[in-house]
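Please look through the sequence and the coordinates together before reading on.

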Amino acid sequence: MDTILIFATSVSIDLPLGITENGNWFLRNVWLIPLLPAVSFFAILFFGKRLPRGGSELGIAALGIAFLLSVCTGFAWMNHRDDYHGSEIHREVISANSTTHGDHVDHHEEHTDGHGHPSIAVVNTVKWFEAGGVEFTAGTLVDGPAAMMLLVVTIVSLLVHVYSTDYVAGDRRYTHFFAFLSLFSSSMLLLVISENTLQLLVSWELVGVCSFVLIGHWWEEKENSDAALKAFLTNRVGDMGLLVGVSI
């Protein structure tokens, strides 16, 4: 049975195969994408009612910029994926026969995604907190699916923001609606690029809270408040499975 020895050059050897800390500026600073709607959430809450359009312009502007950054991140990911022979990433996989045979054969292979393209995720982390001698990190991880979902979430959220300017026009809680719509978008984007399962869980819970608030926006009508409560309880039941998975 062959023994597979994995070596990495230009990459920290502490990182698993297919992970690198190096990458384009957009890949290393992808945290700016969820940050923009998060900032607009607070800006709309504090200043929205003083603005001509009730704060909706802040949410639309934040998602518009986030969408442009997502497009740039997508192109940056494709360049990063294709430039695997450059200084950013180069991995060597050496296959050797078992010691009983005493043979040594070298093979140079790229870690691919099944379609001939290198599957090299870009991760950047910072220390979140430490408990019981265990260090928990928070950060971002960008790979092919994450880059795609950034585009999907930002463009759909942008369209929802634009549509909502007419959908809730004249509503007395117009500013409140757009504030939580921005927080909802930020939570989804953070979920997409979460570097670890604990961070993903926090993002998921924020999505659930925002869903509850938005579904029950017109809480004076019993049908709406019941729907919000139903969505909240349904999410919490589903969360139990997610919590079990995180614990495992």
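In this predicted model, Ser203 touches Ser187, Leu190, Leu191 and Ser194, once its neighbours within four places in sequence are left aside. Ser203 itself belongs to helix H6, which covers residues 197-215. Is Ser203 buried or exposed? Its relative accessibility is 0%, and because buried means under 20% relative accessible area, Ser203 counts as buried.

One of the residues in contact with Ser203, Leu190, also takes part in the contact between helices H2 and H5, on the H5 side. The axes of these two helices, H2 and H5, come within 8 Å and cross at roughly 160 degrees. Angles over 145 degrees count as roughly antiparallel, and H2 and H5 are therefore roughly antiparallel to each other. From H2 the contact draws on Ile33, Pro34, Pro37, Ala38, Ser40, Phe41, Ile44 and Leu45, while H5 contributes Thr175, Phe178, Ala179, Phe180, Ser182, Leu183, Ser185, Ser186, Leu189 and Leu190. As for handedness, H2 passes H5 in a left-handed crossing.

Helix H3 (residues 56-82) packs with helix H4 (residues 144-167) at an angle of about 160 degrees, and their axes are 9 Å apart. That angle makes H3 roughly antiparallel to H4, and the crossing of H3 and H4 is left-handed. Where H3 and H4 meet, the residues of H3 include Gly59, Leu63, Phe67, Val71 and Trp77, and those of H4 include Ala147, Leu151, Ile155, Leu158 and Val162.

The aromatic rings give another view of the model. How many aromatic pairs does a search of the whole structure find? The search finds 11 aromatic pairs. Among them, Trp25 and Phe26 form an edge-to-face pair, with 5.2 Å from centre to centre and 90 degrees between the planes. Trp25 is partly exposed, at a relative accessible area of 43%, and Phe26 is likewise partly exposed, at 26%. Phe41 and Phe180 also form an edge-to-face pair, in which the centres are 5.6 Å apart and the planes stand at 70 degrees. Phe41 lies in helix H2 (residues 32-47) and Phe180 in helix H5 (residues 174-192), so this pair ties together parts of the chain that are 139 residues apart in sequence. Both Phe41 and Phe180 are buried, and both are listed in the contact between H2 and H5. With Phe42, the residues Phe41 and Phe180 form one aromatic cluster. Elsewhere, a charged side chain is placed over a ring: Arg236 lies over the face of Phe232, at 4.6 Å from the ring centre.

These details can now be set within the whole chain. The protein chain has 7 helices and 5 strands, and along the sequence these elements follow the pattern β-β-α-α-α-β-β-β-α-α-α-α. Of its 248 residues, 39% count as buried, and Ser203, Phe41 and Phe180 are among the buried residues. Of the contacts in the protein chain with a separation of 6 or more, 67% are accounted for by residues 24 or more positions apart.

Methods. Residues are numbered from 1 along each chain as its sequence is written. This is a predicted model: local features need pLDDT of at least 70, side-chain atom pairs count only at pLDDT 80 or more; totals for chains, interfaces and linings use all residues. Side-chain values use heavy atoms; hydrogens and water are left out. Rings of Phe, Tyr and Trp (its six-membered ring) pair if their centres lie within 6.5 Å; planes under 30 degrees apart count as stacked, over 60 as edge-to-face and the rest as tilted. Buried means under 20% relative accessible area, exposed over 50%, partly exposed in between (1.4 Å probe, protein chains only). Helices (H or I, at least four residues) and strands (E, at least two) are DSSP runs, numbered from the N terminus. A charge sits over a ring if NZ of Lys or CZ of Arg is within 6 Å of the ring centre and within 35 degrees of the ring normal. Axes are lines fitted to C-alpha atoms, for helices over the stretch in contact, and angles run from 0 to 180 degrees between N-to-C directions. Angles under 35 degrees count as roughly parallel, over 145 as roughly antiparallel, 65 to 115 as roughly perpendicular and the rest as oblique. A crossing is left-handed if the near helix is turned anticlockwise from the far one by less than a right angle, and right-handed if clockwise. Contact means heavy atoms within 4.5 Å.
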